[in-house]
Structure formats: structure tokens, C-alpha cells
Amino acid sequence: MNQALSPSATEEFRRGWGTILASVLGIGLGMAAVPTYSMGLFAPHLAKAFGWSIGQIMTSMMVITMMSLIGGPLYGAWAEKIGVRRIVLVALPVWGLGFASLALSDGSLTRFYLTWLVVGAVGAATLPITFTRAVNRGFDKAKGLALGLSMTGTGLFGIFGKPLLAWVLAAYGWRMGFIVLGMMPVLVATPLVALLLREEKGTSPAAPVAELIERPGMTVPQALRDWRFWLIAVALVPISFALGGPVPNLELILKDGGITPEQALTITPLMGLASIMGRLVGGWLLDRVWAPLVGTVLLSAPAISFWYFSSGTLDVAQARAAVFVLSFALGIEYDLVAFLVARYFGLKRYSAIYGLLYVCFAAGAGFAPMVFGRNHDASGNFHGILMQCAGVLVVSSLAFLALGKYRRFEAEA
């Protein structure tokens, strides 16, 4: 690739800062962040109001996972045809209104799950699959850092969204909590994404030279015939299960260890801060260190946190450290998958390939909260499943080391 097709990192950020900021807002107020960080706070209120068990409430996460499995690849492929902007500017407000409609829940689990089904079908378009397509096309030299920055939205929601929701729940109740969170994508994300997200067109005189050609890389059938695709896919399921299960249940995990609700409120916001740090540090490392090694080290580290959480008696300071390590790893997972797709399969069909791998990621992360919740209903704690996840996390993360060197793809004129 010649210099004309490889602008400096500074030039990439000068041209693409709006895309990054739009992605921060869209992902942070989309389906990747809002249910994951909020359901742990909603669960006790819903259980008290309707008599539902934690496992029944967390089944809602499985419902939106099923829609992610279906919608993720479809929206990814659709983004290749009509662009990210057209999709997300419709999906964000509809997703927000759908989430707000959960305030109308009346005690029927069937209607509760059906609402999540519809919400998940639309919300799948707000996942990183769509937004990272625009980021990947605009960055090469600083791809890892750009991806990390674009997905700090999930961490920012953890820092600001969880305390806001906790206050709303205490002051106005759970119905207002759903309304407040649901209106944020409508009133905040949608107008700012409309203002900031600009996808370059290949026919535009102002488009960079890199956009005047089709980006090089594999087609979807080629990727599906590649063993590296299946290695990543198989490893992602247990990794995402192990990392995704504790997050919505974190308040209960801390409670089981003797942490009071007041103490928990000083701990859980660390998730957002650590996630942001994981994205930034992880993105910086991905640009400089072999990505499979970065993934193996950072994604296996939370095994230490799981071991501590399962000990039974938690100290506040040590609990903060354990939450920080877990959340730091959560900050790198999306970025790592996006980076691996770009480096091993290219950008020709990036969104479609990423969407297929996201199915594997969503399968693990989406079913985990329900399994964790039902395990808690049966045993009264999370100790056993946390120890199992610690071992699974280490073994699965090691699989990335077999990926080998990055591929080089020649541009097609």
C-alpha cells in the first residue's frame, strides 16, 4: 500500500473525529451498553413488584441475544449496501422508545419477553457491528486506538448511567427508570449522530484516495472457509459467557459477599472507568503489539477476579480491584474482535464477517446472565459458576495464540 493510501494517524483523527464521537454516543446509548449495565439495578425492583425470580428477569437478556444472533449479521450485511448512517438514524430512536415502553410492564412475563423481543430486533442495529464499520474504513495507522475510543461509550454509560439510574430508581421508581434511559437515545444520541456521522462516498471529490477503491480483503465465503475464522468463533463463545455473566449480576455478587448496597454504589461505577481504560490502553497496545497476545493476557486476567468473588467474604478495597480487572478486560473484547477481523480478513466485507463473529460473542454473553441468575436461584450464590468460568476463560483465551501473523491484502483498483 503506498503512502497516498496510508494517511498519518494525525490526519486520520483530523478527518474522522466526528465518526468516533458519533460511535461513542450510538454504542454507549445502544443495546450494547444500556441493558447490560442497567438490568442488575432494575432486577430487585421488578422482583419486588411482580414476584419474579432473578433468573426469570435475566431471561430478558437471552431474548435480546436471540435477536442479536439474527439481526447482527443482517444489519452488518445491510450496512455494506446502504451505509451505517441510514441504519442507525432510524434504529436509535425506535430502540429508545421501545426500551422506554418497558415502563408499561404489568406483571405478565410473556408480555415482558415479547417487548424485549421487539426491542432487541431494532436494537441489534445499534450494536458495534454497524458503527465499527465506519471507524474501520476511516482509520488504518491508528485503527486500534480509534476502535478503542469509539467504544468507550459503554464505559461512559457505566460511569454516568448507572448512578443516574440508581438515583431515578430511588426517587421515582422503576417505571421512570425505563423512561429516562429510553429517551436518552432519542433525545441525545440520535440528533448528535445525525450531526457528526459522515460516511465518505467514493464518488465525492472530497473523499480520501483510500475511498476511491474497493477495500481489499476476503469475501464472506472465503472467510468461512478459513480455519482462523472458526478458531476465533469457537473461542469467543466461552470467553463472552464468562465475561458477560457477572456484569448484570454484579450487584448480587457483591451482596453475596457481604457488600452493602451503599458500598456497592461506590464500586460498580468503576466498571465504566475501567472499561474506558481497557479500550484506550487496549487499543494503544493493539496498534503496537501482536493482537492475539494482547487478547490472551487481558482476557484471561479476570479469572483472578472470579476466584476472589467466589471466596464468600469480600473486602471493599479488594472488591474494587476485582471489579476493575474484570471491567478492564470487558473494555478490550469488542475492540479485539473488530481488530482481528480487519487484520486477518480485511475490510472488503468487514461488517458481514464481524456480524457473523458477533453471533458467537452474543451467544455466550447473552445466555450467561440467565444461566448465572438461575444458578443463583438454585444454589443461593454464584460461587460455583464463577470458579468454572475462571478456568474456561484462561483456556479459551490461549486459543488466540494460534492465529499467526497478520495477513496483507492488496488493494483492488
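The model is predicted, so local features need pLDDT of at least 70 and side-chain atom pairs count only at pLDDT 80 or more, while totals for chains, interfaces and linings use all residues. Residues are numbered from 1 along each chain as its sequence is written, and side-chain values use heavy atoms, with hydrogens and water left out.

**Helix 11 and helix 18**
- Helix 11 (residues 227-244) packs against helix 18 (residues 350-379) at about 25 degrees, with axes 7 Å apart; axes are lines fitted to C-alpha atoms over the stretch in contact, and angles run from 0 to 180 degrees between N-to-C directions.
- That angle makes the two helices roughly parallel, a term for angles under 35 degrees.
- Residues of helix 11 that meet helix 18 include Phe229, Ile232 and Leu236; contact means heavy atoms within 4.5 Å.
- By class, this contact has 17 nonpolar, three polar and no charged residues, where nonpolar covers Ala, Val, Leu, Ile, Met, Phe, Trp, Tyr, Cys and Pro, charged covers Asp, Glu, Lys and Arg, and polar covers the others, Gly among them.

**Gly312**
- Gly312 lies in the loop between helix 16 (302-309) and helix 17 (316-345).
- At 21% relative accessibility, Gly312 is partly exposed (buried is under 20%, exposed over 50%, partly exposed in between, with a 1.4 Å probe and protein chains only).
- Its C-alpha atom is 5.0 Å from that of Gly257, 55 residues apart along the chain.
- Beyond neighbours within four places in sequence, Gly312 contacts Asp256, Gly257 and His383.

**Helix 2**
- The buried residues of helix 2 include Tyr37, Met39, Gly40 and Phe42.
- Gly51 follows helix 2 and has a positive phi, near 75 degrees.

Conventions
Helices (H or I, at least four residues) and strands (E, at least two) are DSSP runs, numbered from the N terminus. Angles under 35 degrees count as roughly parallel, over 145 as roughly antiparallel, 65 to 115 as roughly perpendicular and the rest as oblique.
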